[in-house]
Amino acid sequence: MPATPHPAPRDLADLPYAHRLEAFAGELEREGDHESVHFDGGDFVDLDGGDSVFIECAFSSVAFEGGRYRRSRFNDVWAHQTRWVGADLAETQWTDAEAGAGLLAGVELHGARLRRVVFHHCKFDSVNLRATELRDVAFVDCLLRDVDFGGAHLAGVDFPGTTLERVRFDNVTVDRADLSRAAALGISSGFDALRGATISGLQLVELAPALALTLGIEVTDD
């Protein structure tokens, strides 16, 4: 069955709500309500923006350093060159979102729900995705390093062109996850939980020693 192509990253002007965007002014606050807002540049450091709502918003070259954004909702948002470093995004909800050329480092995303989200050319470094729910999510030409998917549910998740390094899949549940087009498949644990995932024949050969070890199969050359 041929792989589903993913749309190319959009520019800000391509967004159907681009003409309605207004420049953000002020500070992020807890339980904030933001609709059709353009966050253009700027650093948000150690703020409490939890339980906020972002609808049809755009983020351009924005940096979030630390801060708490738990249980916030991001619906139909677009982000380009946005950095999240050490931020708490646990239990957030992301729907119909697109992120390009971004960075997530040391971010807490456990218990989050992502639906119809595409990441293009993004770097994930030491990100906690434990117990997340990912539905129709694509990591396109990304780098996932030391990412923990432990206990997550993956449904319709794709990794075309993405490099995985020391990624953990312990106790995940999988319903259609396609790893066959990943650029590199560096999985450190959780091989036994990948039932329902698709890999290529070459990847199977590369993973054979780890799979054998996980299944308790002893391999000898005698």
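This is a predicted model: local features need pLDDT of at least 70, side-chain atom pairs count only at pLDDT 80 or more; totals for chains, interfaces and linings use all residues.
**Entry: Leu 207**

I began with Leu 207 and that cut-off. Its relative accessible area comes out at 11%, so Leu 207 is buried. I find Leu 207 in helix α1, which covers residues 201-214. I then asked which residues Leu 207 touches, leaving out those up to four places away in sequence. The list is Leu 185, Phe 191 and Ile 199.

Leu 185 sent me to strand β20, where Leu 164 stands opposite it. β18 (residues 163-168) and β20 pair in the parallel sense, over 4 bridges. In what order do the strands of the open sheet run? I read β4-β7-β10-β12-β14-β16-β18-β20, which makes 8 strands with parallel pairing. The edges are β4 (43-45) and β20 (184-189); each has a single partner strand, so one side of each has no neighbour in the sheet. Going from one strand to the next, I get an average twist of 10 degrees.

**Entry: whole protein**

I stepped back to the overall numbers. The protein has 1 helix and 21 strands. Its radius of gyration is 18 Å against 17 Å from the globule rule for 222 residues, so I can call the protein as compact as a globular protein of that length. Along the principal axes, the C-alpha atoms fill a box of roughly 70 × 35 × 25 Å. Buried residues account for 46% of the 222. I also looked at contacts between residues at least 6 apart in sequence: 8% of them join residues at least 24 apart.

**Entry: salt bridges**

Side chains of opposite charge can pair when their charged atoms come close. How many salt bridges does the rule give? The count is 18. I went through three of them one by one.

Arg 116 and Asp 96 come up with 2.6 Å from N to O. Arg 116 is in strand β13 (residues 113-120) and Asp 96 in strand β11 (residues 93-100), so this pair ties together parts 20 residues apart in sequence. As for accessibility, Arg 116 is partly exposed at 36%, and Asp 96 is partly exposed at 33%.

For Asp 148 and Arg 130, the closest N and O atoms are 3.0 Å apart. Both sit in loops: Asp 148 between β16 (143-145) and β17 (153-158), Arg 130 between β14 (123-125) and β15 (133-140), so parts 18 residues apart in sequence are tied together. Is Asp 148 buried or exposed? I get 11% relative accessible area, so Asp 148 is buried. Arg 130, on the other hand, is partly exposed at 38%.

The side chains of Asp 158 and Arg 181 meet at 2.5 Å, N to O. I place Asp 158 in strand β17 and Arg 181 in the loop between β19 (173-178) and β20, so the bridge ties together parts 23 residues apart in sequence. Asp 158 is buried at 8%, while Arg 181 is partly exposed at 32%. I also found a network, in which salt bridges with shared partners join Arg 30, Asp 48, Asp 51, Arg 70, Arg 71, Asp 88 and Glu 91.

**Entry: cysteines**

I looked for disulfides and got 0. Cys 122 is buried, with 3% relative accessible area. Cys 57 has its closest cysteine sulfur in Cys 122, and at 18 Å that is also too far for a bond. With 0% relative accessibility, Cys 57 counts as buried.

Key:
Residues are numbered from 1 along each chain as its sequence is written. Side-chain values use heavy atoms; hydrogens and water are left out. Two strands pair if DSSP finds at least two bridges between them. Helices (H or I, at least four residues) and strands (E, at least two) are DSSP runs, numbered from the N terminus. Axes are lines fitted to C-alpha atoms, for helices over the stretch in contact, and angles run from 0 to 180 degrees between N-to-C directions. Buried means under 20% relative accessible area, exposed over 50%, partly exposed in between (1.4 Å probe, protein chains only). Contact means heavy atoms within 4.5 Å. A salt bridge is a side-chain nitrogen of Lys or Arg within 4 Å of a carboxyl oxygen of Asp or Glu. A disulfide is a pair of cysteine sulfur atoms within 2.5 Å. The radius of gyration is taken over C-alpha atoms; the globule rule is 2.2 Å times the number of residues to the power 0.38.
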